[in-house]
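I opened the notebook to record what I looked up in this structure. The entries follow the order in which I checked things.

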Amino acid sequence: MSIKRIISIFRNDFVNSIRDKMIVYLMIAPVLLALVVRFFIPGYENISIKFGVEESLKPSIGAFLENYADVEYFENRSEIYNRIEQYDDFFGISTSSDGNFDFILQGNENERNIEIADGLLNYYSTPSVVRDSLDIEIKSSGKTLPILATIGFIFVILVSYLFGGLTIAFNMIEEKESETLKALDVTPLKLSELVVGRSILGYFMPIVHAYLGVLIMGFEGINMFMLLIITLVSSLIGIVFGFAIGFISSNQFNGITNMKIGLLILMIPTILTFFLPKGAQIFLYWAPTYWSAMALKDLVNVQQRWGNMFIQISGIILTLTIFILILTPRFKRTLKL
Amino acid sequence: MIEVKNLFFKYNKSHEYAVDGISFDINEGEIFGFLGPNGAGKSTTQKILTGILPVQDGEIYLRKERIEKFNNDYFNAIGVSFEQPNIYGKLTGKENLDFFASMYDYPVQSSSNLLKMVDLDNAANKKAGEYSKGMQQRLVFARSLINRPKILFLDESVSGLDPSNAVLIKEIIKELRKQNTTIFLTTHNMTVADELCDRVAFINSGKIVLIDSPRNLKLRYGRKLVKIEYENDGCLNKEILSLVDDKDKQRIVEITKTKLIETIHSQEATLEDIFIKVTGRELG
Ligand SMILES: Nc1ncnc2c1ncn2[C@@H]1O[C@H](COP(=O)(O)OP(=O)(O)OP(=O)(O)O)[C@@H](O)[C@H]1O
Ligand SMILES: [Mg+2]
C-alpha cells in the first residue's frame, strides 16, 4: 500500500466533490438539519426556567429557588408583571394579602415548565423532612433531553454518514461513466489503495458533522471520545453502502434509483427505533443503522456506558459483515465483463 | 520487446471472438501499427495488453518472459492513451496530469512541460470538461507520457485532430522513437500508419491478415494496381484491381464492358488500397 497514492485518491475525490453542486449540498445538508433542529426543538436551555421574586421574599422562597433556577428580584408586583410580558417562560412570585405568596403566570408558558415550577413551589411548601427524600427527583427533572432533540441529532449523524456514502458512490459512478477508472487501471494504483483512499471521505464528513452537530445543538455532558468512536464505526455503514451502490450502478440514472432504495432500507429502522415498543425492537436487530441509532441515543442522553456501547458497536460491525457477505457474490457477478 | 501468441478474446454476451487468435511481436524501439476498420478488434487487443481486459486465452511475453499477471513494474513502465478521451471533467488539465503523476513509483515528467508540448499550456488551468474533443485527446496523449514510458500504447491518438495538431502529435511520436520508446499504435488511418510505423499489422474481424513494413507492402503491391470508379444503379462503386492477377484482369475487362466508367487510375498503391485489396473491406 502506498500512502502517497491513498492520499492522492482522497484529495482527488475531495476536489471533485466540492466542484459538484449536488455533492456540496449533501455535505451541507447535515449542518442545515442541525440548525433546524436547534431552532425548532427545545434543547436544555428552554427547559430551564426563570423566576421573578419580590425583594421582600428574598430570604425565604428566593433563597430556596436559587438552588434550582435563575432568580431575579423586583421592587414590587407591577414590575414583575412587566417582566412577565416578555416572550420567555418567566414565573412571578409576589407577596399575597394573606401573608403567603402568589404564583403569577402569563398563560402562554410551556406546560412542562409550568409543571416544574409548580413542583418546585409545592416542594418548598413541604416539611423539610420529606423534602430531603425528594431532592434528587426534582433536580433531574429539568435535565432530560426532549425526545425530538434526540431524534434530531441522530438524524443529523445518520444523514451525514449515509450522504458520505453517497459521495463515494457518485465519485465511483462518475469514474465508470467517464472511463477514468480505466486510466487508473493502467497505473500502479491497486484496488485496495483506491478503496482505502476513497473511504477517507466517508469518515471525514461524519466526524466533522458530528462535532458541529453537538456544538450547534448545544448538548451538554456528552463524552466526546465515545462520540468519536460511535461516529467512526457508524461511518462504516455509509462507506459500505456507498461502495455497494458504486459497484452495482453503471450510470447516474440507475445509481440514483439504487440510492433511493438503499436509503429507504437503512433509514426506516432508525425511525422505527423510536416508535416500536421495546419488545418489538428485536425485529430491527438486522439493521446496522438501528445499532448506531441506539448508541447515539444513549450518548446524547448522557446514559452511555462502555460495555453497552461495545455491544451496540459489535451490532453495527456484525450486521455490516453479514451484508457484505451477502452482497459480495453479486458484486463479483456485476464486475465481470 | 513484446510478443503475443494466439491471443483470443470474447466479450461476455457475444458469440464471436473480438480477437480471434492473433500473434505478433514488437521489437524494442519500434513503432508497430495496428490497422483495421471499425470493430476489427484493435482496441480490444490494446486493452488486453494493458491489463484492462483479462487474458482469456493466449500468451504474452515481455522481454522473453511470460507475463502471467501484470504487476506494478509493468504499469510503471507503460503509458496508455485511450480512444475515448477519459479525463476528470471537473479538474483542470494540469490537475488531471498531476493526479495521475502521483500514481507512479518513480520520478515523473513535469505536467507543465507536457502541457506545453501538446500546446495546451494556455488551457492548463481551465476545467478539462470544458475542453474541445481535440484538446481532451491531446490531454489524454500527454497523460500517457507522464511516467516516461518504455512502452507506449496509443489508441487512435492522431485521428480526429486538426491537421496542425496532427502534425504536432506525429512529431512527438517520432521524437519518442528516437528515444527508443516502443510504441503500439492503433489506427484506421493508413496515411498516419504509413508515415509513422516501422511495421504494420492489418487486422480484420479479429484476425491478423498480414504483417510487414509499409515500404515492403508497397513494393509488393505497388505500381501494379488500378483503381476503377464506375456507376452502378446510380451509386459510385470503387474497385482496386491488380494488373498481374488473372482474375483481376478478367474483372477489368468485365467492368469496362458492362459499366459506365467514371475514372481509371493506375497508381502508386497506398496502404489503404492494399488493405482493401487484401481484406476486401473498406476502412472505417
Ligand atoms: N464492451 C464491449 N462489449 C461487447 N462487445 C464489445 C465491447 N467492446 C467492443 N466489442 C466488440 O468487439 C469487437 C471489436 O471491437 P474493438 O473496439 O476492439 O474494435 P476496434 O478495432 O477498436 O474498432 P474502432 O476502429 O471502431 O475503434 C466489435 O465487434 C465490438 O462490437
Ligand atoms: Mg478502437
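This is a predicted model: local features need pLDDT of at least 70, side-chain atom pairs count only at pLDDT 80 or more; totals for chains, interfaces and linings use all residues.

Entry 1, a bridge in chain A.

Strand β1 of chain A covers residues 50-54 and pairs with β2(A) in the parallel sense. Five bridges hold that pairing. As a reminder to myself, strands of a sheet pair through backbone hydrogen bonds, either parallel or antiparallel.

Entry 2, the sheet in chain A. I asked in what order the four strands lie. The order is β2-β1-β3-β4 (chain A), in an open sheet with mixed pairing. At the edges I found β2 (70-74) and β4 (101-104) of chain A, each of which pairs on one side only. From one strand to the next, the twist averages 25°.

I turned to chain B and found an open sheet of four strands in the order β2-β1-β4-β5, with antiparallel pairing. Its edge strands are β2 (19-26) and β5 (65-66) of chain B, and each pairs on one side only. How many bridges join β4 to β5(B)? I found two, between β5(B) and strand β4 (residues 57-62) of chain B, which run antiparallel. For B:L62, the bridge partner in β5(B) is B:E65. Helix α1 of chain B, residues 42-49, lies across β1 (2-9), β2 and β4 of chain B. I recorded that helix α1 runs at about 65° to β2(B).

I picked B:D20, which is found in strand β2 of chain B. Leaving out residues up to four places away in sequence, B:D20 touches B:L7, B:F8, B:S205, B:G206 and B:K207. With B:K207 there is a polar contact of 2.8 Å between the side chains.

Entry 6, ligand 1. Which residues are closest to ligand 1? I listed B:G39, B:K42, B:S43, B:T44 and B:E83 as the closest of the 13 residues that surround ligand 1. By class, this shell holds four nonpolar, six polar and three charged residues.

I then noted some distances. An N or O atom in the side chain of B:T44 is 2.5 Å from an oxygen atom of ligand 1. For B:G39, a polar backbone atom is 2.8 Å from an oxygen atom of the ligand. A polar side-chain atom of B:Y11 lies 3.3 Å from a nitrogen atom of ligand 1. Taken alone, ligand 1 exposes 630 Å², and the protein buries 58% of that.

Notes: Residues are numbered from 1 along each chain as its sequence is written. Chains are lettered from A and ligands numbered from 1 in the order in which they are written. Side-chain values use heavy atoms; hydrogens and water are left out. Two strands pair if DSSP finds at least two bridges between them. Contact means heavy atoms within 4.5 Å. Axes are lines fitted to C-alpha atoms, for helices over the stretch in contact, and angles run from 0 to 180 degrees between N-to-C directions. A residue is near a molecule or strand if one of its heavy atoms lies within 4 Å of it. A polar contact is a pair of N or O atoms within 3.5 Å; within protein, one must be able to donate a hydrogen and the other to accept it, and residues adjacent in sequence count only if both atoms are side-chain atoms. Accessible areas come from the Shrake-Rupley method with a 1.4 Å probe; for residues, only the protein chains shown count as cover. Ala, Val, Leu, Ile, Met, Phe, Trp, Tyr, Cys and Pro count as nonpolar, Asp, Glu, Lys and Arg as charged, and the others, Gly among them, as polar.
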